[in-house]
There are 2 protein chains.
Amino acid sequence: MRSLILVVEDEAPIREMVRFAAERAGFAVAETGDAERALVEVADRRPDLVLVDWMLPSMSGVELARRLKNNDSTRSLPVIMLTARGEEDDRVRGLESGADDYITKPFSPRELIARIKAVLRRYRPHDDDAAVVCDDLSLDPVNHRVTAKDAVLDMGPTEFRLLHFFMTHPDRVYSRDQLLDQVWGQNVYVDERTVDVHIRRLRKALDVHGHDRYIQTVRGSGYRFSSKG
Amino acid sequence: MRSLILVVEDEAPIREMVRFAAERAGFAVAETGDAERALVEVADRRPDLVLVDWMLPSMSGVELARRLKNNDSTRSLPVIMLTARGEEDDRVRGLESGADDYITKPFSPRELIARIKAVLRRYRPHDDDAAVVCDDLSLDPVNHRVTAKDAVLDMGPTEFRLLHFFMTHPDRVYSRDQLLDQVWGQNVYVDERTVDVHIRRLRKALDVHGHDRYIQTVRGSGYRFSSKG
DNA sequence: TTGCAATGTTACATTTCCGTTACAGCGGGC
DNA sequence: GCCCGCTGTAACGGAAATGTAACATTGCAA
């Protein structure tokens with residue numbers, strides 16, 4: 001049985017409707033009205049999906065979504081945002097915060113189910129937390145640590161996620177768009193050239209002694225990580 | 001230059017805004033108010049994306065999306081639906097009809113661009129990525145790499161696309177015009193003699209040892225790629 | 001063979017793409 | 001509050017790729 005967590009302020013109609021719809025779709029529903037509490041629930045229950053109301057007492061829904069997406073252990077958790085505001089700027093901020101989709105209130109149970117299914121369908125589950133080894137490199141997702149020949153490499157979070165993606169998908173060219181999708185998130189709208197900069201930073205971090213031979217540029221297409229030097 | 005087709009009834013604000021946003025994002029915009037006409041435009045212009053208004057005179061946007069998704073040649077074409085607020089049931093039908101996303105009016109240029117980019121990013125992996133092998137040559141579209149007897153051949157992007165087309169259409173004569181259409185694009189006009197130059201460059205790249213026997217000149221007609229030496 | 005048109009080859013200016021650096025904004029930790 | 005690390009954007013310079021033109025060569029026909 002799949003499960004979802006509903007984070008919503010005290011709004012009886014919404015709560016009842018979501019419960020009705022979700023249970024019809026085969027989801028177990030847990031709910032809380034407090035964002036801090038929601039973080040604990042997520043860690044505890046490990047749900048398949050989180051529904052977050054835009055307005056929350058202690059923390060905004062945007063902030064909650066952002067926190068979930070900034071945490072490595074919850075990044076792969078789909079988040080749908082509930083919002084009453086038709087003001088488009090807020091909706092963009094909702095998407096940019098990392099939410100995978102949003103629904104504008106009022107909405108029907110049918111729409112909710114359709115969106116849940118759509119999000120789960122297009123969501124690709126992240127790889128598990130197994131350590132990854134390529135040639136001389138060893139990456140430990142749990143401890144956020146990369147070592148090359150017993151030397152611990154220093155890099156930022158984005159560079160780490162980028163390297164993690166590369167090491168789990170080696171020897172294949174990825175466009176900047178695809179990398180943004182996979183490493184930054186599907187609803188993040190940043191300039192493609194940002195990838196270049198982080199590639200540079202990652203190369204610098206990997207370049208312990210001598211030239212980095214892992215990341216290759218494929219002109220006009222993107223970048224490729226080579227598993228064997 | 002990427003292009004999109006906007007299918008919308010006579011609504012000047014929407015049309016102007018989409019045009020503004022799309023051009024800023026580097027899209028050429030073609031528009032029509034008629035769904036039947038849109039199907040023709042799609043076949044003709046082969047756009048990268050279609051924006052469909054939910055309300056259309058001759059055919060509903062839902063119906064148009066369904067038709068596009070039921071046709072093999074247009075199935076991989078991303079469709080975004082534009083819909084007025086408050087019709088959540090319709091929005092569900094929009095998603096179920098096969099549209100890849102929808103935007104609720106009113107929306108900002110920023111949101112539109114974000115959604116367009118997200119949808120295109122999602123679609124990129126559906127590119128044809130089957131390896132092609134002819135005689136001694138092996139072409140890998142994913143890695144943009146060509147090998148001949150374990151030797152990696154070095155060539156530019158245009159030469160690569162040219163060779164890719166040849167290897168997927170061997171043993172047939174193509175005129176310079178046809179090659180420009182297939183390899184450069186339908187609405188790009190460059191001098192026909194440019195083909196000669198790139199043929200030359202490709203021949204040079206393929207000419208590892210001895211004379212290249214793959215590309216033959218058919219005087220007065222064009223070039224032919226021979227699958228077997 | 002000669003002449004002409006088609007094609008091969010090379011050179012070069014322009015454009016596009018990428019590496020690199022600098023910097024401002026933002027959030028977290030103290 | 002302040003400092004500091006991380007992030008995304010902009011700007012600049014250089015390298016690769018492209019398209020055009022000029023010249024050389026080939027092939028066909030008269």
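How many of the 229 residues of chain A count as buried? The share is 52%, where buried means under 20% relative accessible area, exposed over 50% and partly exposed in between (1.4 Å probe, protein chains only).

A note for all the views: this is a predicted model, where local features need pLDDT of at least 70 and side-chain atom pairs count only at pLDDT 80 or more, while totals for chains, interfaces and linings use all residues. Residues are numbered from 1 along each chain as its sequence is written, chains are lettered from A and ligands numbered from 1 in the order in which they are written, and side-chain values use heavy atoms, with hydrogens and water left out.

**View 1. An open sheet of 4 strands in chain A.** The strands run in the order β6-β7-β8-β9, with antiparallel pairing. (Helices, H or I of at least four residues, and strands, E of at least two, are DSSP runs numbered from the N terminus; two strands pair if DSSP finds at least two bridges between them.) At the edges are β6 (132-134) and β9 (151-153) of chain A, each with a single partner strand, so one side of each has no neighbour in the sheet. From one strand to the next, the twist averages 25°; angles run from 0 to 180 degrees between N-to-C directions, with axes fitted to C-alpha atoms, for helices over the stretch in contact.

View 2. Look for Thr147(A), which sits opposite Val152(A) of β9(A).

**View 3. Helix α1 (residues 12-24) of chain A.** Its buried residues are Ile14(A), Met17(A), Val18(A), Ala21(A) and Ala22(A). They cover an arc of only 120° around the axis, which puts them on the same side of α1(A); the arc is that of the directions from the helix axis to the C-beta atoms. Turned away from that buried side, the other face carries exposed Glu16(A) and Arg24(A). Just past the end of α1(A), Gly26(A) has a positive phi of about 85°.

**View 4. Thr158(B) in helix α6 (residues 157-168) of chain B.** This threonine is buried, at a relative accessible area of 17%. Leaving aside residues up to four places away in sequence, Thr158(B) touches Val183(B), Trp184(B) and His198(B).

Note on methods: Expected span 1.5 Å × (residues − 1). Contact = heavy atoms within 4.5 Å.
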